[in-house]
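User: I am new to reading structures. Please take me through this one, and tell me what each term rests on.

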2 protein chains.
Amino acid sequence: MPAARGGDAQKTGPTLEQVAARAGVGRGTASRVINGSPRVSERTRAAVQAAVAELGYVPNRAARALAAGSMDAIALVVPEQENRLFAEPYFSEILRGVSAELADTDKQLLLTLIRDERSRDRFTQYAAAHRVDGVLLVSVHADDPLPDLLRDVGMPAVLSGRRSSAEHVPYVDSDNLLGAQLAVEHLIGRGRRKVATITGPLDMYAARCRLAGYHEALTAAGRTGPEPGARPAVEAAHRPAAAPGGRLVAEADFTEEGGHRAMRELLERDPDVDAVFCASDVMAAGARLALRESGRDVPHDVALVGFDDSAVARHMDPPLTTVKQPIEEMGRAMVRMLLALMGTEPDPRGAPAPDAGQPQLVLPTELIRRGSS
Amino acid sequence: MPAARGGDAQKTGPTLEQVAARAGVGRGTASRVINGSPRVSERTRAAVQAAVAELGYVPNRAARALAAGSMDAIALVVPEQENRLFAEPYFSEILRGVSAELADTDKQLLLTLIRDERSRDRFTQYAAAHRVDGVLLVSVHADDPLPDLLRDVGMPAVLSGRRSSAEHVPYVDSDNLLGAQLAVEHLIGRGRRKVATITGPLDMYAARCRLAGYHEALTAAGRTGPEPGARPAVEAAHRPAAAPGGRLVAEADFTEEGGHRAMRELLERDPDVDAVFCASDVMAAGARLALRESGRDVPHDVALVGFDDSAVARHMDPPLTTVKQPIEEMGRAMVRMLLALMGTEPDPRGAPAPDAGQPQLVLPTELIRRGSS
DNA sequence: CGCATGAATGGGAGCGCTCCCACACACGGG
DNA sequence: CCCGTGTGTGGGAGCGCTCCCATTCATGCG
C-alpha cells in the first residue's frame, strides 16, 4: 500500500480531493468554496458544503501553510527573566483577551517563553524564516532588540506597552500617566498632606509614566515640585530620588521586597508620610508590610494606593485601592491590531493600507477604591 | 517570475535544496544530516552543517509536517469556565514547567482555551484530524468527555489531575491525600482540639482526596470519626456535611466567596472550632475574612491552613500555612509523559512500548509553615 | 448569426520536506 | 576473479493544499 507513508497509523481525516469527489466537483472548486471565494455558483457551494459536513472534513493546516506560504498562526512571546510576581496576573489577563479575540479567526496561538539568549536567538531565526504570520510581544524591556529585529525581517508585531514615548513599533498601552494622576489626586482629595510614591524601575517607560502622573497631580494641586508650574515631561521624569521641593520618591523594581525596602527608606526620610502611591500592587504589598512593622495603621496613619488591580490587591488587609488597567481588552486590541497589520503588510503592491487600524492605542485606566485609602 | 507565489513578499529562508547544493550533496543526504541520521559520513555531515550555518537555514515546519505526517506541535488545552482565581497561579506554574521541558524538543506549544461548547467541538475535530501530535489537558472536570474522545481518535493525551481513582487516561497528579493529612496532622500537633475542614466541590477527585486526608489524619490521631478504625476510602469520602462523630466538614467551591460562606457555617455549627484546613488558599482567604468578621484572631483563636501555596498565601495576614504542590514539576512531568506516549503510540506494529514512562504519576506534596497556624 | 466577453469550473504545477528505492562503491570470502 | 554484503548517497514520489491557467459554456453585442 503505497498510500500509507510518513507518520503511519495517523488516520488523517478526509482530504480536499475526497470532498471534491463526493460533491462531484473539481478540487479547485472545492477549495474555492472552503475559502469563501465568491466565484462559485450557489448549487455547487451547497453541494461542497454538504460533502464537507458528511465527511467531517477539516483542512490540513500544514498543507495549506505550505501551499499558501502563510502559517495561519501567531506567536505570543513572553520574556521570562521577569519576576514571576509581576507576570502572573497581567499575563493571564492578556492571554484571556488574546485567546478570545483569536477564537473567531482560525489562527493558532503559539506560546513562546523566552528565558535566555539561546531561546531568543532561536525565536528570532524562527520568525525570520516566517514560520508565523505575526508576533505579539508582552512586557518588552526598553533595551530589547527583538521588536526591531522583527521589523527588519518584515514580521508584523505588536507590543504591549511602549519602550519609550518615541516607540515606532505598533503597540497597545494603557494610560499609565492618567492612572497615576487619578491615584494621587484621590489621595490628595482624601486630605493627605504628604504623598510619597514608590516607582518601578525607571528604565521602564511605564514606570516613568506613573511617576510623571504623580508629579503632575501634585503640581496641579499646587504642591511645590521640582519644576513649579512646568508640565513635567515623562522623558525627564528620571530624576534623583530626593527631588527638590520635598516630593518623596523612592525607586523600586516592581517586586514585593523592593516595595518593602523602598517604604522603609521613605519612612526614614520623612516619618510624617501619610500616603503612598505604589506603581504596582505587589510593591504595595511590600510597602504594607513595612508600614505594619513600623506600627502604622493603613489607612488611618498612611493611605496606600497600588496599580494593576491584581488579585493581590483584593486579598490585602485592608483591600488595596488601586488603578485598574483594562488588561484583557489590551490583549484583544493587540490581536485586532496585529491582524490588521498582517492584512496589509504582506501586500507590497502599492496599496496604501486600507485600514490598518490605529497602529498605536492607549487604553484608559480607572481608579478602584477600596479600604486602604 | 513563476517562483513567487502564494503569500508573496514572504522572503522565506533558504530551502533544503539550496543547502544541499551548497554543500555539494543531494537533498536526501542533507535531510539525513539535519535529522541526525547516523548513516552519513563524517565529512559529509560537516559539509552540510557548514552550509546550514552559512545560509542560516531553518527547516520549514509546514513542509516537514506535511511530508512526515506529524505536526511537531502539542496543544495545551485549558477549560475556561473555571473560576479565574483558581486557574491563575496553578496555570502559570504549569505553563512554566511545560515550556521549560519543551524548550529542548523543537516542538511547538499551541495554547487553546476552551470556553464553550463551540470551541470544544472545534478542538475535538481539530485533534481528530491529527493537527497536533499530543494534548495536555489542564484542570479537567470529572464529567469532561474530552479525554475519552481523544483516546478514541488515537490522540495521545496527558491529564493534570485524575478524574477519579479509576482514571485510565495517563495523568500527572500531586499527592492530595498525603498533603491534606500533613496539614491536619500539623494542626493536631499544634494542640488544636477541634479541627474543621472546608472542602472543594466534592464532584472533583482532588477535593475528595483532600477530604479523605483530613479524615485519615483525625482517625490516626484517635479522634472519633465516622468509621472508627476503618481506613476512609477516597471514593466514599462524599458524605453528608454533618458527619457522625463530630467532624466538621463544609463543602465549598474553591472560590473566596465559597470559603467565606463555609467558614460562617462552620462557626455557627460549632463556635469552638480552633483550626480549619481549607482545600485551597483562595478559600482560606475567604475563611480568614469570616474569622475576622467574627472577631477571632488567626492563629490565636483559630489556626488556618490552605492548599496550593499560591501567591495569595504569601500575601495574607498572617501569611498562610499551606500545602505546596510541585506544580512546575507537574508540568514538566506531563510533557515527558506525553513525549513518551507519542514516541510509542503511533507505532501499531506490535512493539510493546519500549519505555512509555510511568503512564501515571503522583508527585509529593509538602507543608509550608507560616504564621497562620 | 458569428464572435468577443464573462462566469463557473477542472486540473496541472509546485510549496519544501521526508521516505524510501535504487544505485554506486568498497570490501572480504568462496 | 566474481559475487554477496554493507555503507553512503542521489533523487523520485508524494504529503494536501493554493494558485492560476486553460477550458467550457452561456450571454450580449456588432
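User: What makes the copies meet through the same surface?

Analyst: 100% of the interface residues of chain B are also interface residues in chain A, so the copies meet through the same surface. Contact here means heavy atoms within 4.5 Å. A word on ground rules: this is a predicted model, where local features need pLDDT of at least 70, side-chain atom pairs count only at pLDDT 80 or more, and totals for chains, interfaces and linings use all residues. Residues are numbered from 1 along each chain as its sequence is written, chains are lettered from A and ligands numbered from 1 in the order in which they are written, and side-chain values use heavy atoms, leaving out hydrogens and water.

User: Why is α8(A) called oblique to α9(A)?

Analyst: The axes of helix α8 (residues 176–189) and helix α9 (residues 205–220) of chain A cross at roughly 40° and come within 7 Å. That angle makes α8(A) oblique to α9(A). The classes are roughly parallel under 35 degrees, roughly antiparallel over 145, roughly perpendicular from 65 to 115, and oblique for the rest. Axes are lines fitted to C-alpha atoms, for helices over the stretch in contact, and angles run from 0 to 180 degrees between N-to-C directions. Helices are DSSP runs (H or I, at least four residues), numbered from the N terminus.

User: Why is α1(A) called roughly perpendicular to α2(A)?

Analyst: Helix α1 (residues 16–23) and helix α2 (residues 27–34) of chain A have axes that cross at roughly 100° and come within 8 Å. This value makes α1(A) roughly perpendicular to α2(A). A:L16, A:E17 and A:A20 of α1(A) meet A:R27, A:A30, A:S31 and A:I34 of α2(A).

User: What makes α2(B) roughly perpendicular to α3(B)?

Analyst: Helix α2 (residues 27–34) and helix α3 (residues 42–55) of chain B pack at about 85°, with axes 9 Å apart. So α2(B) is roughly perpendicular to α3(B). B:T29, B:A30, B:V33 and B:I34 of α2(B) make the contact with B:T44, B:R45, B:V48, B:Q49 and B:V52 of α3(B).

Methods:
Helices (H or I, at least four residues) and strands (E, at least two) are DSSP runs, numbered from the N terminus.
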